[in-house]
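User: I am new to this structure and would like to go through it step by step. Could we look at it together?

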Amino acid sequence: MFTVRTWTQVILSVALACGAGMPAAGGAQGARTVAVTLDDGPFVGGGGATYLTSAETATTRLLDTLREHRVPAVLLVNEGQIGGAPAAEVAARTALLTRWLDAGHTIGNHTYSHPDANTLTADAYAEDIAKGDLVTRRLLAARGAPPSRYFRHPFTHTGDTADKKAAIEAALAARGYFVTPHTIENADWLFNVPYRRALETSDEAQAERVANAYIAYTRRVVTFAEEASTRVFGREIPQVLLMHANVLNANTMTRVLADMSARGYRFVTLDEAMRDQAYRTPDTWVGKGGPTWLFRWSRSLGKDVSFADEPEPPTWVADASK
Ligand SMILES: [Zn+2]
């Protein structure tokens, strides 16, 4: 005899079985691919007395979430967080990077001190690049792995003049790096400011409000990237998502990833995403900003694709981040 409880279980299991075989919205399950990259590793914590505890908790959450969703990620590191640490914390901060490697992820160079290419000479910038991979190289060598090939410019500012851009790229190539592109950027760094502030003041309602706005905005920028890649390449290309190793993502990444899975995305390595021929398009764009590679490639290809409708974060979030 069926009780209410068992009927609920039957209905649930039927729904789950049906759902498992259904194509997700926007295409067949797994037809879309995305590589996940996280900047400012090991953790956007602002230093200070609480840095290490916050970084350890956030790292655990991020790694757990990535494992649950089977996401192979790249962590782009600012080694200044280790080199500039109090002596007593150097080993523990280094161990944060080891945990990413132990979990099967890749680490790369995001410069030592997170400088802005617009404000430095190419030589000074190259020094910060070279200083930025000493720990990473040591950790990889200890595992018999080659040095990392992944580099991302802070602020994705790639050089405000053609000469500077070329000189930085030459310095990167000489050290074995390529520039890590991105096609989706969800302004997580902006949302993280009021989110962190809300957590610090135990304002749970505000934290929830910011998190919900972040998830909603991420959906909009993902949709925009899908449409923009179709306008630039005539198809949806594998996407590269740029986020940060911050507390906002530690607490909400599972929602971001679940949303992408529901849109039919499969999570792939950066190498796999970049095997797509779209990623062989040169980036010839020069300027002070840090636009996505979809914009840069549209300019390289001479396509007058408008990015005017690129979604902006809500004004109240931008105001709350000040
Ligand atoms: Zn950064």
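User: How are the donor residues of the zinc ion spaced in sequence?
Analyst: The donors follow the pattern D-x69-H-x3-H. Donors here are N, O and S atoms within 2.8 Å of the metal (3.2 Å for Na, K and Ca); water is not among the atoms, so sites may look incomplete. This is a predicted model, in which local features need pLDDT of at least 70 and side-chain atom pairs count only at pLDDT 80 or more, while totals for chains, interfaces and linings use all residues. Residues are numbered from 1 along each chain as its sequence is written, and side-chain values use heavy atoms, with hydrogens and water left out.

User: Which residues coordinate the zinc ion?
Analyst: D40 (OD), H110 (NE2) and H114 (NE2) do, at 2.0 to 2.1 Å. D40 belongs to strand β1 (residues 32-41) and H114 to the loop between β3 (106-109) and α5 (122-131), so this pair ties together parts 74 residues apart in sequence. Helices (H or I, at least four residues) and strands (E, at least two) are DSSP runs, numbered from the N terminus.

User: Is D40 buried or exposed?
Analyst: D40 is buried, with a relative accessible area of 13%. H114, at 22%, counts as partly exposed. Buried means under 20% relative accessible area, exposed over 50%, and partly exposed in between (1.4 Å probe, protein chains only).

User: Changing topic, how many aromatic pairs are there?
Analyst: The count is 10 aromatic pairs. Rings of Phe, Tyr and Trp (its six-membered ring) pair if their centres lie within 6.5 Å; planes under 30 degrees apart are stacked, over 60 edge-to-face, and the rest tilted. F233 and W297 are edge-to-face, because their ring centres are 5.7 Å apart and their planes stand at 70 degrees. This pair links helix α9 (residues 204-233), which holds F233, with helix α12 (residues 293-300), which holds W297, 64 residues apart.

User: What about W285 and F295?
Analyst: W285 and F295 form an edge-to-face pair, 6.1 Å centre to centre with 80 degrees between the planes. Both residues are buried. F224, W285, F295 and F307 make up one aromatic cluster.

User: And where does D133 lie?
Analyst: D133 is in the loop between α5 and α6 (134-142). D133 is buried, at 1% relative accessibility. Its side chain has a polar contact of 2.8 Å with that of R175. A polar contact is a pair of N or O atoms within 3.5 Å; within protein, one must be able to donate a hydrogen and the other to accept it, and residues adjacent in sequence count only if both atoms are side-chain atoms.
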